[in-house]
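Hello,

Here is the structure for your files. My notes on one helix and on the aromatic rings follow below it.

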Amino acid sequence: MASNAGIGPDALKTPAEGADPAAAFAEAATFGEGLRQARERSGKSMAELAAETKVHRRFLTALEQGDWSSLPSRVFALGYVRAYASALALDEQLAVERFKQESPDTSVPLKAPIGVAFQDVRRHSPRIVAGIAVLIVAVIGWNVFQRVSLRQAAHPSDIAMTPQTWAGGDAPDPRFTLSAPMAAPPDQTTPAPYITRGLEAELTGVDPADPAAVAAAAHPEPVQKAFNPRGAVYGAPANASMVVIQARTAGALVVRLGDGQALFARQMAPGEAWRAPIGVAATVDVSDPAAFDVYLNGEYGGPLAGVLTPLAQLNSRADQAAKQLAAAQARAQVQAQVQAQIQAQAVRAQAATATPQPGSAPAATPRAPN
């Protein structure tokens, strides 16, 4: 039985057990030498490594010897490097980067060195600066010469005597007279339409013989502004509503039914509107009455009267306005019919006056002298 006396435990380890392939690869001077040292420290032969990586032994030997010309294309060579590093438990990315540093890519054409044109500019820059300076000095000198040469000394006037008109000052010339200034012309406006005399009523609907109608036409009643949707419109359809509440500025609008249930509630943005249904008993509650406008039958009806407004009150106002409008239209229609009848009677009377009556003697026709 052999004795192990005097021999340390580190001396009994095999080279494969006491070596670090990664450290050997990192400390090697070249890429190929690092692969070879890492393989030797791992205890693997070239044949074992070729069988494990499925890479031909010739290519693995080329990697260790740095024979880049024996390797296939760049893509396959990088794959061999990764397989080699993986088999030896090395950092694949580190091995690939080191291979790229020592093995240039011959497929990429060489480019011209950067900085040559800049060196040329630096070499010629003194001449360029000097040329620009000479040009600036020449332009300035030419302008100064022109100003000096055109400058003339003061000399007495060549006029022998002063004209009488000059000596008289502001005395007017008797040959010319000026009238009083005329008034400024009126501002340009659209000309009034031409109306044939006798057709005023048919074209304008106003009888020129009626002073009241002429005065009313000259000063018509102001027309209220109509509802203009400037945002989303909520609530009832347009044909089922007479009252529209539109937000002039941002504000809260809540419509509550009689039992307290909210029919509509929203923080209204400027321009948004809500159409009120007809025949619904509810109360309109707003955060600021001045922030909401009321439109009755499509026409402006002023702002809300208060924070709490009964919806029935607004619908009643809209109903009354609609009835007044209908009555006014009916009166206008009746007046138009009466006016048409009066005009027809006047036309018939004029025609009857111009037509001779039966049995009357015709007017004597003057005879020519013999």
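Is phenylalanine 59 buried or exposed? Phenylalanine 59 is buried, at a relative accessible area of 13% (buried is under 20%, exposed over 50%, partly exposed in between, with a 1.4 Å probe and protein chains only).

On the source: this is a predicted model, in which local features need pLDDT of at least 70, side-chain atom pairs count only at pLDDT 80 or more, and totals for chains, interfaces and linings use all residues. Residues are numbered from 1 along each chain as its sequence is written, and side-chain values use heavy atoms, with hydrogens and water left out.

Aromatic pairs: the count is nine (ring centres of Phe, Tyr and Trp, the last by its six-membered ring, within 6.5 Å; planes under 30 degrees apart are stacked, over 60 edge-to-face, the rest tilted). Phenylalanine 59 and tyrosine 80 are stacked, 5.4 Å centre to centre with 15° between the planes. This pair links helix α5, which holds phenylalanine 59, to helix α6, which holds tyrosine 80, 21 residues apart (helices are DSSP runs of H or I, at least four residues, numbered from the N terminus). Tyrosine 80 is also buried, at 16%.

Tryptophan 68 and phenylalanine 99 are edge-to-face, at 5.2 Å and 85°. Tryptophan 68 is in the loop between α5 and α6 and phenylalanine 99 in helix α7, so the pair ties together parts 31 residues apart in sequence. Phenylalanine 99 is buried at 1%, while tryptophan 68 is partly exposed at 25%. Ring pairs join Phe31, Trp68 and Phe99 into a cluster.

Just after α6, alanine 89 has a positive phi of about 60°.

Regards

Conventions. Helix = DSSP H or I, 4+ residues; strand = E, 2+ residues; numbered from the N terminus.
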